[in-house]
Amino acid sequence: MDYTHTTTATLGVSTAIFSSSSSNSSPSPSLPTTVQGPCAACKILRRRCTERCVLAPYFPPTEPLKFVIAHKVFGASNIVKALQELPESKRADAVSSMVYEAYARNRDPVYGCAGAISHLQKQLNDLQAQLAMTQAELLLIQCQQHEQNHENTAFFDQDKYFSSVLEPSWQ
């Protein structure tokens with residue numbers, strides 16, 4: 001099966017159109033005998049998923065939305081290029097980051113994940129300020145209790161002193 005790829009650009013949006021022409025040749029012997037479904041990326045792009053598909057490990061057929069969102073923001077060719085430039089140990093993290101950024105861009109087209117990070121940073125600063133105020137209040141209460149205990153102890157010490165001085169000597 002041969003695939004031809006045509007890209008059209010309209011108003012800054014590129015659309016990939018794939019067409020296939022089938023040949024009557026027998027399947028190549030290098031293909032596995034078990035039929036595996038295409039990964040979500042190849043299924044959406046309507047192309048044949050090979051054993052060497054860079055996208056297959058990261059976009060399983062059970063999670064097509066994951067690829068749709070990432071494809072909408074980054075484009076399939078940019079995702080493939082980014083993955084090919086990275087060592088395999090870092091590809092899963094890169095895909096995770098791209099998908100997160102794509103979801104964030106979908107929710108907030110202007111700021112993306114930077115907006116989410118900014119919001120979380122503001123929350124963190126507010127909570128740190130609240131914690132500092134609570135710790136200051138706690139310290140103030142502890143100081144007040146310490147002073148009160150010290151005054152009570154001094155009062156009882158004075159009471160003992162005066163009672164011993166004022167006691168009659170005939171006892």
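**Entry 1: contacts along the chain.** I looked up contacts (heavy atoms within 4.5 Å) between residues at least 6 apart in sequence, and 35% of them join residues at least 24 apart. I keep in mind that this is a predicted model, where local features need pLDDT of at least 70, side-chain atom pairs count only at pLDDT 80 or more, and totals for chains, interfaces and linings use all residues. My residue numbers start from 1 along each chain as its sequence is written, and side-chain values use heavy atoms, with hydrogens and water left out.

**Entry 2: helices and strands.** I found five helices and two strands, taken as DSSP runs numbered from the N terminus (helices: H or I, at least four residues; strands: E, at least two). Along the sequence they read β-β-α-α-α-α-α.

Entry 3: I checked burial next: 16% of the 171 residues are buried, meaning under 20% relative accessible area with a 1.4 Å probe, protein chains only.

**Entry 4: the core.** Of its 20 residues, Leu55, Phe59, Phe67, Ile79, Leu83 and Val95 touch the most other members. Helices α1 (40–45), α2 (64–74), α3 (76–85) and α4 (88–107) each supply at least two residues of this core. Leaving aside neighbours within four places in sequence, I saw Phe59 in contact with residues including Cys39, Lys66, Phe67, Ile79 and Val95.

**Entry 5: one glutamate.** Is Glu101 buried or exposed? Glu101 is buried, with a relative accessible area of 15%. I located Glu101 in helix α4. Not counting residues up to four places away in sequence, Glu101 touches Phe74, Gly112 and Cys113.

Conventions:
A nonpolar core is a set of buried Ala, Val, Leu, Ile, Met, Phe, Trp, Tyr and Cys residues joined through side-chain atoms within 4.5 Å. Buried means under 20% relative accessible area, exposed over 50%, partly exposed in between (1.4 Å probe, protein chains only).
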